Amino acid sequence: MCNILAKEGLGATAYPKKHGGQDDIEAYFSIMETLSYHDLSLVIKFGVQFGLWGMSIQSLGTEKHYAKYLKDIGSLKLPGCFAMTETNHGSNVKSLETTAIYDHKTKTFTINTPHKLARKEYIGNAARDGQMATVFAKLIIDGKDHGVNAFIVPIRDSKNNVLEGITIEGCGHKMGLNGVDNGIIYFDNVIIPKENMLDRFASINSKGQFVSPIASDNRRFFTMLGTLVGGRIGVPRSALAAAKSALTIAIRYGDQRRQFGPQGGSEVPILNYRIHQRRLMPYLAKSYAVHFALQYVTQRFVKRQESEMQEIEALAAGMKAYSTWNTRDTIQECREACGGKGYLSENRFDALKNDTEVYTTFEGDNTVLMNLVAKNRLTEFRNQFGEMNVLSLFNYVVDQAKTSITYKNPFATRNTDENHLIDSEFHIHAFTFREKETQASAAKRIKKLLDSGLDSFDAFNIAQHHLISVSQAYLERIVLEQFQLQVENTKDEGCKAVLKKLCQLYALSTLEKNASWYLEQGYMEGVKTKAIRKSVNQLCWEIRQNAVPLVNAFNIPESCLSAPIVTKQ
């Protein structure tokens, strides 16, 4: 199937036009999302070949690499791998142990796996198809470690025979995505030429010296990884497609499946039951919310400026976690909502569930990514606290006090007026308040830990669960903000009215989820949280009336959905 897609030119979509592509990364993301409605193994296989393998050449290499490899990668003449993860080091890329030792005399690198646990593991395309790999290894020159760099290493010949010095094993049967040939690679002193170093950010000059346009080792390392952020946009969009599929199946089923009813009357669709609406409608609203947020992240990435990259990287990392966790939860609820029919393989929930299970892990473990997001959000606070003085502390306290006076007065905390509860300004302020408060409290907590004598590792380790809250609040505010903008910019009044209710449901169901935090902060009183719960119930009922058209608007091909699962009435 990937060969068919390559023949249609879809694999090379993101590559430069002069090298067989269309120079259109946005279209590439759309292709991945569309393929995700059909077969998730296919989309991951597609992503490994044309995304991870091809775009690592495009992002980390230079013109000589583009000319030599990109056209063959895009046509699938040259299948390849992205060999970063090691058994000992998954998320901690900076500590990878595979080595690339430079030989001045022969102008070559020797790629080596120093011990068993430094092997490359879980590498897509490795077990069966890959002929080359982008290998991340520590560059050693004259005994000096110059950190992790990327190298092109052949692993099989054109007849698919494993090359000398290479050992490859399959990872075995997995929970899902068994259409992807994940493998383990060992390198036993494999020699590659100097030009196989991907040298956009670092190279070796004619004197055999390590040179880089980026002086700082840390900045160079994170700049290198930052160029690969596209994967953290493709994966959440793929995950969202799976969530949309599950919702379409479950909501259509609930609209047709009849159970119980008034005494002496007809049975009613199970989607008419308020508890069933409560199970599914918030996930429907959240999927629309995530959709608009991911469109925003995509546009930020496509139109990126160098000065924005750290923020975009953090945003993409956070949305990858937010979207894939949402997909995990959505599919489980949809499966249960379809009862025994949802357990049958023909209705796709097993494939959707098993194939997306690893989405919370690859392209970065979600919890690790959320810590990355939090550290990015706390940068300005860390800088401020590093020079904290009486005046800056006083100004901070005054600013927080103004917020408290305005929004923590008895009228605001108890206000249960219906128009207030569904007001977009109330929603965005509540989300922003939570974001700022969690960020400020985490920063103060970490400063206190540092002041007590702890080093930064231990301080952040102690505060990790607090950091997850910082990231969650930030992402929820971004998602709501983008949803509200979409509602505001929608011209069709009928469509706008429905989207507005979905946006209100996303906002209020999120406030309900975080009700205990708002109660602790004195931002709301119990009477208001009860009123929010009532409003959520009402919105679920109102949205139920348009639920089937709303999932039909996902435009998922019927062949990608379940078999008919309703007994005719």
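## Salt bridges across the chain

A salt bridge here is a side-chain nitrogen of Lys or Arg within 4 Å of a carboxyl oxygen of Asp or Glu. Asp181 and Lys45 form one, with their closest N and O atoms 2.5 Å apart. Asp181 sits in the loop between strand S7 (166–170) and strand S8 (183–187), while Lys45 belongs to helix H3 (residues 40–60), so this pair ties together parts that are 136 residues apart in sequence. Helices (H or I, at least four residues) and strands (E, at least two) are DSSP runs, numbered from the N terminus. Before going on, please note that this is a predicted model, in which local features need pLDDT of at least 70 and side-chain atom pairs count only at pLDDT 80 or more, while totals for chains, interfaces and linings use all residues. Residues are numbered from 1 along each chain as its sequence is written, and side-chain values use heavy atoms, with hydrogens and water left out.

Are the two partners buried or exposed? Asp181 counts as buried because its relative accessibility is 8%, and Lys45 counts as buried at 12%. The cut-offs are these: buried means under 20% relative accessible area, exposed means over 50%, and partly exposed lies in between (1.4 Å probe, protein chains only).

The structure holds 27 salt bridges. One of them joins the side chains of Lys18 and Glu63, at 3.6 Å from N to O. This pair links distant parts of the chain, 45 residues apart: Lys18 is in the loop between helix H1 (2–7) and helix H2 (25–35), and Glu63 is in helix H4 (residues 63–74). Lys18 is exposed, with a relative accessible area of 65%, whereas Glu63 counts as partly exposed at 38%.

Another pair lies within a single helix. Glu481 and Arg477 form a salt bridge whose closest N and O atoms are 3.0 Å apart. Because they are four residues apart in helix H17 (residues 464–489), about one helical turn separates them. Glu481 counts as partly exposed at 29% relative accessibility, and Arg477 is buried with a relative accessible area of 13%. Elsewhere, salt bridges that share partners join Lys45, Arg128, Asp129 and Asp181 into one network.

## The whole fold

The protein has 21 helices and 13 strands. Its radius of gyration is 26 Å, close to the 25 Å that the globule rule gives for 569 residues, so the protein is as compact as a globular protein of that length. That radius is taken over C-alpha atoms, and the globule rule is 2.2 Å times the number of residues to the power 0.38. Along its principal axes, the C-alpha trace spans about 85 × 70 × 40 Å. Of the 569 residues, 52% count as buried.

## A strand with two faces

In a regular strand the side chains alternate between the two faces of the sheet. S9 pairs with strand S3 (residues 108–112) in the antiparallel sense over four bridges; two strands pair if DSSP finds at least two bridges between them. In this pairing, Phe109 stands opposite Ile192.

Just after H8, Gly339 takes a positive phi of about 60°.

Arg348 has a positive phi of about 80° although it is not a glycine. Arg348 lies in the loop between H8 and helix H9 (349–356) and counts as buried at 13% relative accessibility. Asp142, also not a glycine, has a positive phi of about 50°. Asp142 is placed in the loop between strand S5 (132–141) and strand S6 (144–154), and counts as exposed at 65% relative accessibility.
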